Amino acid sequence: MTSTANRLTIRRPDDWHVHLRDGAVMAGVVPHTARQFARAIVMPNLSPPVSTVAEGAAYRDRILAALPQGTDFTPLMVSYLTDGIAPEELRRGFGEGVFTAAKLYPAHATTGSAHGVTDVANIHPALEAMQEIGMPLLVHGEVTDPAVDIFDREAVFIERVMIPLLARFPALKVVFEHITTADAAQFVEAAAPHVGATITPQHLHINRNAMFVGGIRPHAYCLPVAKREHHRLALRKAATGGSAKFFLGTDSAPHAVAAKEAACGCAGIFNAPFALESYVAVFEEEGALDRFEAFASLNGPAFYGLPVNAGTVTLEKAPCEVPAVIDANGTPIVPFHAGETLGWRLVG
Ligand code: DOR
Ligand code: ZN
C-alpha cells in the first residue's frame with residue numbers, strides 16, 4: 001500500500017459477495033464489478049438456482065462472455081444449497097475448480113431463496129463433505145420465523161442456527177454474509193479463525209432510519225435490513241478495526257427501478273458502480289485509511305486460501321458524482337448514493 005494525502009494505492013481488491021444476475025441485465029452490471037475488482041464471489045440465486053456443477057460452469061461461461069473485451073476479471077462460482085443437494089456434486093464441483101464455495105439460504109429468507117434449505121439437518125451430509133474438503137459455507141444468517149421481528153432475525157439466527165451448526169461442524173469454514181448487527185460482529189470476532197464475515201457498504205453508511213426519511217425509501221431497502229445506529233457503529237469498528245476476520249463483500253443486488261418502486265418492492269441495493277469509493281469514505285471517516293487494503297484486498301484471499309491479486313488500484317481524493325440512475329444495458333437501476341457526491345474517485 002502507498003498513500004499520500006490525496007492518493008491511496010492498494011493491491012487489487014476482490015468482492016466476496018455479489019449478485020450479477022443473468023441475461024441482458026448481467027451484461028449491464030458485470031462491467032461495474034469488473035472495473036473495480038479482480039475476482040468476485042458470485043451469488044447463485046438465479047431462477048432456477050445455480051446448484052449443480054454443470055449449472056455453475058454454464059453460468060461462469062455466460063459471465064465471462066458478458067465481460068468487456070480485455071477485462072481481467074475472474075468470477076468465483078457458488079453452489080446454491082437445496083434440501084436435496086448431493087454431497088458428491090459439491091465434492092466434484094470443488095475438486096474441478098468450478099465451485100469455490102456453497103451458499104446456505106434459509107428457504108424464503110430473501111430474494112431467490114424459494115429453493116433454499118427448509119431445515120439445516122437436511123444438508124448435514126453436504127456440510128460433512130464440505131468440512132472434509134475445506135469448502136467454505138456462505139450463510140445468509142436470518143431466521144424466517146414470522147413470529148420473530150424482522151430487525152431481530154439475524155441475532156436470533158446466531159442462537160438458533162449458527163451456534164448449533166458450528167458445534168456440529170467445528171472445522172467447517174463459514175462466512176457469515178453481510179452482517180448487520182453488533183451481535184454478529186461480536187460473534188464472528190469471538191469465533192474460531194475459520195469463521196469470517198463480509199460487510200456491505202450500505203450497512204456501514206446507513207441505519208434503518210434511511211428507509212423512512214420523509215417517506216418510504218425503497219432504494220435503502222435490502223436484506224438483511226439495516227438496523228439501529230449502534231449496530232452500524234459496531235460494524236464500522238469491525239470493518240476498520242484491523243481484524244482479519246472481516247472482509248469486503250458488497251452484496252450489490254441490482255433490481256430495475258420499477259421493481260423497487262412498487263407496492264411490494266424488491267430487496268437489494270445496487271452498489272457495484274461506486275463500491276470502492278463508498279467503502280473508502282468510511283475508512284477515511286474512521287481514520288483508518290491504512291487498514292483499507294487489508295479489508296479490501298488481503299483478508300478475503302487469506303480466508304479463502306487464495307493468492308492475493310497482482311497489480312494495484314488507485315483512489316484519488318476528488319469529487320465523484322453518483323448519477324441518479326444507471327442504465328444497465330437497457331434496464332434503469334438506481335445506484336447506492338444516487339445523487340450524492342463522494343469524496344474519492346477510482347482512477348485506475
Ligand atoms: O437485499 C438482498 N437482495 N438481499 C439478499 O439476500 C438477496 C438480494 C437479491 O438477490 O436481490
Ligand atoms: Zn446477497
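1. Basis of the model. The model is predicted: local features need pLDDT of at least 70, side-chain atom pairs count only at pLDDT 80 or more, and totals for chains, interfaces and linings use all residues. Residues are numbered from 1 along each chain as its sequence is written, chains are lettered from A and ligands numbered from 1 in the order in which they are written, and side-chain values use heavy atoms, with hydrogens and water left out.

2. Surroundings of ligand 1. Ligand 1 is surrounded by 13 residues, where a residue is near a molecule or strand if one of its heavy atoms lies within 4 Å of it. The closest are Arg21, Asn45, Thr110, Leu223 and His255.

3. Polar contacts of ligand 1. A polar contact is a pair of N or O atoms within 3.5 Å; within protein, one must be able to donate a hydrogen and the other to accept it, and residues adjacent in sequence count only if both atoms are side-chain atoms. Arginine 21 places a polar side-chain atom 2.8 Å from an oxygen atom of the ligand. For histidine 19, a polar side-chain atom lies 3.4 Å from an oxygen atom of ligand 1. Alanine 267 uses its backbone: an N or O atom there lies 3.0 Å from a nitrogen atom of ligand 1.

4. Terms for the helix pairs. Two packed helices are described by the angle between their axes and the distance between the axes. Axes are lines fitted to C-alpha atoms, for helices over the stretch in contact, and angles run from 0 to 180 degrees between N-to-C directions. Helices (H or I, at least four residues) and strands (E, at least two) are DSSP runs, numbered from the N terminus.

5. Helices H1 and H2. The axes of H1 (residues 23-36) and H2 come within 9 Å and cross at roughly 65 degrees. H1 is therefore roughly perpendicular to H2 (angles under 35 degrees count as roughly parallel, over 145 as roughly antiparallel, 65 to 115 as roughly perpendicular and the rest as oblique). Met26, Ala27 and Val30 of H1 are in contact with Tyr59, Arg62, Ile63 and Ala66 of H2, contact meaning heavy atoms within 4.5 Å. By class, these residues are 6 nonpolar, no polar and 1 charged (Ala, Val, Leu, Ile, Met, Phe, Trp, Tyr, Cys and Pro count as nonpolar, Asp, Glu, Lys and Arg as charged, and the others, Gly among them, as polar).

6. Helices H3 and H4. Helix H3 (residues 87-95) and helix H4 (residues 124-133) have axes that come within 8 Å and cross at roughly 25 degrees. The two are therefore roughly parallel to each other, and their crossing is right-handed. On H3 the contact involves Pro87, Leu90, Arg91 and Phe94, and on H4 Pro125, Ala126, Ala129, Met130, Glu132 and Ile133. These residues divide into 8 nonpolar, no polar and 2 charged.

7. Backbone features. The peptide bond from serine 47 to proline 48 is cis, with omega near -5 degrees, and proline 48 is found in the loop between strand E4 (39-42) and helix H2 (53-66). Leucine 223 and proline 224 are also joined by a cis peptide bond, with omega about -5 degrees; proline 224 lies in the loop between helix H7 (201-205) and helix H8 (229-240).

Definitions and conventions: Left-handed = near helix turned anticlockwise from the far one by under 90°.
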